[in-house]
Amino acid sequence: MESLPVGDAGTLARAALSKSTWQKYDNAFKQWVTYCITNHITVPTATAQDFEKFLIQKVQEVKTGVALREMRAGIIASGKLRQLDTTIYETNKVNQLIQGAMRTRPQLPTLPVTFDAADALRRIAQKSTPVEMETAKTMFLLMILGPWRLADVLAMRPSAIIPRGEAYYCALQTKGGRGEYEWRVVEPCDNKSICPVIRLRYLLSQPVIREKDCLWLDNKHNPLNNAQARDMVQRFMIHVGIGPEWSPHHCRAAGASMMVLAGVPYLIVARHGGWKSMENMLHFYVKTFANDDVSRTVEKYASRPQH
């Protein structure tokens, strides 16, 4: 049988589907076009990474992962009808993101999923911190710029922190407490008032911290426990205007989102945050914000790991 020209094949395919299905497909494609226009991208020149960012944004709006899969299917079908190259919509990363969303059935949150980390860093850099909150500030910065869990921060031991150039490398016990360790890195940033390396260097210079081999001590030089640390970080967050609806764990999502918006590759973000599953990181932690100057703020205030 003689093959049809692309345009004719697309017309035939459209005629074979119901009107409601094509309306759904056209609506999905219009959302993709709107995203491209908003971000100063043309659809024919969009990259796979552009489409991944679009899906990461949409995963917060749909009720189920199946809806995300159908949206992608509509964009592919509409793209082929318009004789566009649709390979960027079918990469392995895109497939993993959709499969992860389908397994976890994302639900619409009642609040924004996380706060704007770049804006938080800007306010911290401009606001003085009471002496009694300096420890909490250091923990907060490690969680944002890590982006680490609070448990990771508390697991830091002076004996397992090694200076490497301007950065510090830390051997942290992996989640689950099976005696396995992994390397994490604390990198400097240009703004000294929020630079975690400067703050970490100061703590490591304290004799009592080296003697007890514990980075986080209370006023009586006893190690802080999880509840104490969480309360300290929460109070610091409220002090700088984050909360009370946000918890310290939101720092992890805020930090990961900021790194992605700054252009840090996904694999490096996952390595810094200690994520074993790229799907979990993309679905649960990487969020986007309706803030046009986020990237510029990140450039000015935040650390951008390059290795």
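**Reading helices and a sheet**

Modeller: This is a predicted model. Start with helix H11. The buried residues of H11 pack against helices H6 (117-126), H7 (134-145), H8 (150-154) and H12 (250-261).

Colleague: Which residues of H11 are buried?

Modeller: First, the general idea. An α-helix has 3.6 residues a turn, so residues three or four places apart point the same way. Now the case here. The buried residues in H11 are Ala229, Met232, Val233, Gln234, Phe236 and Met237.

Colleague: How many residues does H11 have, and what span does it reach?

Modeller: H11 covers residues 226-239, which is 14 residues. From first C-alpha to last, H11 reaches 20 Å. That is close to the 20 Å expected at 1.5 Å a residue.

Colleague: What caps the N-terminal end of H11?

Modeller: Asparagine 225 does. One of its side-chain oxygens lies 3.2 Å from the backbone nitrogen of alanine 227. Then look just after H11: glycine 241 has a positive phi of about 90° there.

Colleague: Two of the partner helices were H7 and H12. At what angle do the axes of H7 and H12 cross?

Modeller: They cross at roughly 50°, and the axes come within 7 Å. An angle between 35 and 65 degrees counts as oblique. H7 and H12 are therefore oblique to each other.

Colleague: Which residues meet between H7 and H12?

Modeller: From H7 come Phe140, Met143, Ile144 and Leu145. In H12 they meet Cys251, Arg252, Ala254, Gly255 and Met258.

Colleague: Now the strands. In which sense do E1 and E2 pair, parallel or antiparallel?

Modeller: Strands of a sheet pair through backbone hydrogen bonds, either parallel or antiparallel. Here strand E1 (residues 161-164) and strand E2 (residues 167-173) pair in the antiparallel sense, over four bridges. Isoleucine 161 has cysteine 170 of E2 as its bridge partner. For isoleucine 162, the partner in E2 is tyrosine 169.

Colleague: What lies between the two strands of that hairpin?

Modeller: Two residues lie between E1 and E2. In this hairpin, glycine 165 takes a positive phi near 70°.

Colleague: What is the strand order in the sheet?

Modeller: The order is E1-E2-E3, in an open sheet of three strands with antiparallel pairing. E1 and strand E3 (181-186) are at the edges, each with a single partner strand, so one side of each has no neighbour in the sheet. On average, neighbouring strands of this sheet are turned by 30° against each other, direction ignored.

Colleague: Which helix packs on the sheet?

Modeller: Helix H9 (residues 196-204) does, touching E1, E2 and E3. The direction of H9 makes about 70° with that of E2.

Definitions and conventions. Residues are numbered from 1 along each chain as its sequence is written. This is a predicted model: local features need pLDDT of at least 70, side-chain atom pairs count only at pLDDT 80 or more; totals for chains, interfaces and linings use all residues. Side-chain values use heavy atoms; hydrogens and water are left out. The expected span of a helix is 1.5 Å times one less than its number of residues. Buried means under 20% relative accessible area, exposed over 50%, partly exposed in between (1.4 Å probe, protein chains only). Contact means heavy atoms within 4.5 Å. A polar contact is a pair of N or O atoms within 3.5 Å; within protein, one must be able to donate a hydrogen and the other to accept it, and residues adjacent in sequence count only if both atoms are side-chain atoms. Two strands pair if DSSP finds at least two bridges between them. Axes are lines fitted to C-alpha atoms, for helices over the stretch in contact, and angles run from 0 to 180 degrees between N-to-C directions. Angles under 35 degrees count as roughly parallel, over 145 as roughly antiparallel, 65 to 115 as roughly perpendicular and the rest as oblique.
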